[in-house]
Amino acid sequence: MANAVTPLSSSGTSSRLLVVRSPPARTLRERGLLPRCRGSGSRAVPRMRASPIDTKDAERLSDRKPAFVTVPEEPEVRTGTWNWRGYNIRYQFAGDTGPALVLIHGFGANSDHWSKNISYLGKSHRVFSIDLIGYGYSGKPNPRDIGVDTFYTFETWGSQVNDFCSNVVKEEAFFICNSIGGLVGLQAAVMDPQMCRGMILLNISLRMLHIKKQPWFARPFIRSFQNLLRNTLLGKFFFNSVATPESVKRILSQCYHDPSKVTEELVQSILRPGLEQGAAEVFLEFICYSGGPLPEELLPQVKCPVLVAWGDKDPWEPIDLGRAYGDFDTVEDFVVLPDVGHCPQDEAPELVNPLVESFVRRHLKVP
C-alpha cells in the first residue's frame with residue numbers, strides 16, 4: 001500500500017511531496033530528498049514556494065557584506081540547418097560545454113516546443129533541439145513521391161536522431177523526449193545503443209490507437225477508415241478543419257492543465273509550420289500509422305538508464321496507465337509532475353529543467 005509523506009513547511013502548512021511503496025521513511029533518501037534506487041516506486045516533484053523571511057533576519061542579512069556568486073548566463077539560442085538524405089533539417093542549439101542533450105518533440109510539434117528549456121539547460125550542457133523530418137521547418141517529403149508505402153515511422157526518425165548525433169552533435173547524448181518523441185528516442189537507442197547515454201521520457205505516448213490494442217473485429221474497419229483518409233478528399237477536409245488557430249488553441253487547451261500557458265505565441269509556433277507545403281500529407285500519413293513498436297516492446301531492449309516523468313493531469317495519456325512503465329528494469333524512476341498536462345517541458349519548465357539536470361549529473365561517466 002502506498003504511503004504519503006507530508007512534511008511541514010516553515011509556515012506550518014503541509015504539502016504532499018512523495019508517494020512511495022515502502023514503510024514510513026526514516027532516511028533522507030526515503031523521504032524523497034535524495035534520488036531513490038531503481039524500482040522503488042514513484043515520487044512527486046513539488047512546486048517549490050519561497051518561505052517568508054523574518055524582519056529581524058532581513059536586518060541582520062543587510063548588515064553583512066555581499067557575497068558574490070557567479071550565476072551562468074543563459075546562452076543565445078541559435079538555429080542551424082543540416083542536410084539528411086537530401087532533405088533540410090532545422091535544429092536549434094545552445095551552450096558550448098558540458099554533456100550533450102538532444103530534445104525530441106512530439107506529434108505535430110517542433111523544436112520550438114522546447115523554447116523554455118534550450119537556453120536554460122545550455123548554461124551547463126550542449127543542447128540540441130531537432131525538427132523531426134516532416135515536422136517544423138524540416139523537409140516534408142510525400143511518401144508517394146519517393147516510392148514507399150510508409151516513410152514517417154519510428155525507424156525513420158530513430159535513424160535521423162542517431163545520424164544527427166553522429167554528424168552534428170558529434171558525440172553520444174542524453175535524449176529528452178516528449179509524447180511520440182519518446183518512441184523516437186527509444187527506437188534510436190535500440191538501433192544504436194552506443195549513441196544514447198540516458199533518456200528521460202515525458203508523458204510518452206501510450207499509442208492507444210495502435211492496431212494491437214484494438215479488438216480483432218474492429219481492425220478491418222480501422223484500416224478501411226485509414227485508407228479513406230489517405231486516399232480521398234475526406235483526409236484533406238479533416239486536416240483543414242484542424243489547421244486553424246481556433247482548432248490548435250482548442251486542442252492545446254485540452255492537453256495543457258493550465259490554460260494560461262496556451263499563448264498566442266505557442267499556437268502560432270505549432271500552426272505556422274503546419275501550413276507549409278507537404279504538412280497535410282505528413283499529418284495524414286502519421287494518423288494512419290497504427291503499426292510500429294509500442295513503448296512496452298522497446299523499453300526492455302534499451303541499454304541506457306531511463307527516467308519516466310508524467311504530468312498527472314494529462315487527459316490524453318492517463319497516468320494510471322503510464323505507471324506500468326515504472327516496473328521495467330530499465331526504468332530507474334517514475335516521477336509524478338503534479339498539476340501538469342501532456343507537455344510538461346513547456347507547461348512546467350520549473351519542474352522539468354531541474355529534473356533533467358539531476359538525471360544527467362547522476363549518469364555522467366566518472367573520469
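**Reading a predicted model**

Tutor: Begin with a helix. The buried residues of helix α8, which spans residues 264-274, are L266, V267, S269, I270, L271 and P273. Keep in mind that this is a predicted model.

Student: Why do residues three or four places apart in a helix point the same way?

Tutor: An α-helix has 3.6 residues a turn, so residues with that spacing face the same way. In this helix, L266, I270 and P273 are among the buried residues.

Student: What covers the buried residues of α8?

Tutor: The cover includes three other helices: α7 (245-255), α9 (279-287) and α12 (344-347).

Student: How many helices and strands does the chain have?

Tutor: The chain has 13 helices and 11 strands. Of its 367 residues, 50% are buried.

Student: What share of the contacts joins residues at least 24 apart?

Tutor: Take contacts between residues at least 6 apart in sequence; 72% of these join residues at least 24 apart. I104 and C177 give a case of distance in sequence against distance in space: they are 73 residues apart in sequence, yet their C-alpha atoms are 4.7 Å apart.

Student: Where is I104 found, and is I104 buried or exposed?

Tutor: I104 is in strand β6, residues 100-104. Its relative accessibility is 0%, so I104 counts as buried. Leaving aside neighbours within four places in sequence, I104 is in contact with W114, L132, V161, F175, I176, C177, N178, G181, V184 and G185.

Student: How many disulfides are there?

Tutor: A disulfide here needs two cysteine sulfur atoms within 2.5 Å. By this rule the count is zero. For C165, the nearest cysteine sulfur is that of C196, 8.0 Å away. C165 is buried, with a relative accessible area of 0%. For C255, the nearest cysteine sulfur belongs to C343 and is 4.4 Å away, and C255 is in no disulfide. C255 also counts as buried, at 2% relative accessibility.

Student: Which residue other than glycine has a positive phi near 55 degrees, and where is its place?

Tutor: That residue is R85, with phi near 55 degrees. R85 sits in the loop between β4 (78-84) and β5 (87-94). It counts as exposed, at 55% relative accessibility. S179, which is not a glycine either, has a positive phi of about 60 degrees. S179 lies in the loop between β8 (173-178) and α4 (180-191).

Student: Is S179 buried or exposed?

Tutor: The cut-off for buried is under 20% relative accessible area. S179 has 8%, so it is buried.

Student: How many cavities of 30 Å³ or more does a search of the whole structure find?

Tutor: The search finds two. About 30 Å³ of space lies in the second largest cavity.

Student: Which residues line the second largest cavity?

Tutor: Its lining is made up of H105, G106, F107, L132, Y135, W157, I180 and F286. Sorted by class, six of the lining residues are nonpolar, two are polar and none is charged. L132 is one of the lining residues, and L132 is also among the contacts of I104.

Methods:
Residues numbered from 1 in each chain as written. Predicted model: local features only at pLDDT ≥ 70, side-chain atom pairs only at ≥ 80, totals over all residues. Heavy atoms only, no water. 1 Å grid on protein atoms, 1.4 Å probe; cavity = no way out; pocket = protein on both sides within 12 Å on 5 of 7 lines; lining within 4 Å. Points joined across faces, edges and corners; volume = space filled by probe spheres on them. Nonpolar A, V, L, I, M, F, W, Y, C, P; charged D, E, K, R; others polar. Buried < 20%, exposed > 50% of the residue type's maximum accessible area, 1.4 Å probe, protein only. Helix = DSSP H or I, 4+ residues; strand = E, 2+ residues; numbered from the N terminus. Contact = heavy atoms within 4.5 Å.
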